[in-house]
Amino acid sequence: MGKEEVRQELIALINDTLPEIGDVSMDANITTEYGINSITLIKLIVASEEKFNVQFTDYELSLDDYPTFGDLAAIINEKLDN
């Protein structure tokens, strides 16, 4: 799966999992722009694990690790490449 495909699939997943967000920008700060908190992020990460068949460790669940949805997409890409 290519990087752009992961980004598009992640946007679709965000829209399904968090429909209240509306239009998704991959470069916007998720806490200030969308009000994402740690609980919401974990919900999205769990959905991402299922969608992309990847695993996140407990150390990868910090809101500080993903300032943007693009950062989350980059981590998913890394996991898919390994």
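**Ground rules.** Residues are numbered from 1 along each chain as its sequence is written, and side-chain values use heavy atoms, with hydrogens and water left out. Because the model is predicted, local features need pLDDT of at least 70 and side-chain atom pairs count only at pLDDT 80 or more, while totals for chains, interfaces and linings use all residues.

**Entry 1.** I searched the whole structure for salt bridges (a side-chain nitrogen of Lys or Arg within 4 Å of a carboxyl oxygen of Asp or Glu). The search gave two.

**Entry 2.** I looked up Glu-9 and found its side chain in a salt bridge with Lys-51, at 2.9 Å from N to O. Glu-9 sits in helix H1 (residues 3-17) and Lys-51 in helix H3 (residues 38-52), 42 residues apart. Helices here are DSSP runs (H or I, at least four residues), numbered from the N terminus. I then checked accessibility: buried means under 20% relative accessible area, exposed over 50%, and partly exposed in between (1.4 Å probe, protein chains only). Glu-9 is partly exposed at 26%, and Lys-51 is partly exposed at 43%.

**Entry 3.** Lys-79 pairs with Glu-60 in a salt bridge, with the closest N and O atoms 2.9 Å apart. Lys-79 is in helix H4 (residues 69-81) and Glu-60 is in the loop between H3 and H4, so the pair ties together parts 19 residues apart in sequence. Lys-79 is partly exposed at 21%, and Glu-60 is partly exposed at 21%.

**Entry 4.** Is Asn-77 buried or exposed? At 8% relative accessibility, Asn-77 counts as buried. I placed Asn-77 in helix H4. Leaving out residues up to four places away in sequence, Asn-77 touches Met-1, Gly-2, Lys-3 and Val-6 (contact means heavy atoms within 4.5 Å).

Note on methods. Helices (H or I, at least four residues) and strands (E, at least two) are DSSP runs, numbered from the N terminus.
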